[in-house]
Amino acid sequence: MGCAGSREKGDETSKKIRKPKPWKHSEPITRAQLIRLREEFWDTAPHYGGRKEIWDALRAATEADLTLAQAIVDSAGVIVQNPDLSICYDERGAKYELPNYILSEPTNLIRDS
């Protein structure tokens, strides 16, 4: 019985990571503003709970390509709820929510000319 349970959990954690859907910021922002938003998020996220090493793994995963991101979350034991990584859990059940601006660029990003 324990064997079947662990296999189901294995299927749960091995959800394939996908690119997030396109999204629009409330107002057009520059790359510098986007980077600042991301830095603020990563600086404060661990204070809202969860484990620092999981936050670090999620940051690394969001900054990597999909194949590497998959390897990072798998090796960290992250349970992927949404394939775009917007909602994840660790083995202890702590929830990790990542906002759109962490996962991808908005469609209304101002391109530096």
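**Helix packing around α3**

Author: Helices α2 and α3 cross in a right-handed way (right-handed means the near helix is turned clockwise from the far one by less than a right angle, left-handed anticlockwise). Helices here are DSSP runs of H or I, at least four residues, numbered from the N terminus. This is a predicted model, with local features needing pLDDT of at least 70, side-chain atom pairs counting only at pLDDT 80 or more, and totals for chains, interfaces and linings using all residues. Residues are numbered from 1 along each chain as its sequence is written, and side-chain values use heavy atoms, without hydrogens and water.

Reader: At what angle do α2 and α3 pack?

Author: About 160°, with the axes 10 Å apart. Axes are lines fitted to C-alpha atoms over the stretch in contact, and angles run from 0 to 180 degrees between N-to-C directions. That makes α2 roughly antiparallel to α3 (over 145 degrees).

Reader: Which residues make the contact?

Author: E39, F41 and W42 of α2, with W55, L58, R59 and T62 of α3. Contact means heavy atoms within 4.5 Å.

Reader: How does the contact divide by class?

Author: 4 nonpolar, 1 polar and 2 charged. Ala, Val, Leu, Ile, Met, Phe, Trp, Tyr, Cys and Pro count as nonpolar, Asp, Glu, Lys and Arg as charged, the others, Gly among them, as polar.

Reader: Switching to α3 and α4. Where do they sit in the chain, and at what angle do they cross?

Author: Residues 52-62 and 66-76, crossing at roughly 165°. Their axes come within 8 Å. So α3 is roughly antiparallel to α4.

Reader: Left-handed or right-handed?

Author: Left-handed.

Reader: Which residues meet there?

Author: I54, A57, L58, A60 and A61 in α3 meet A69, I72, V73 and A76 in α4.

Notes. Helix = DSSP H or I, 4+ residues; strand = E, 2+ residues; numbered from the N terminus. Parallel < 35°, antiparallel > 145°, perpendicular 65-115°, else oblique.
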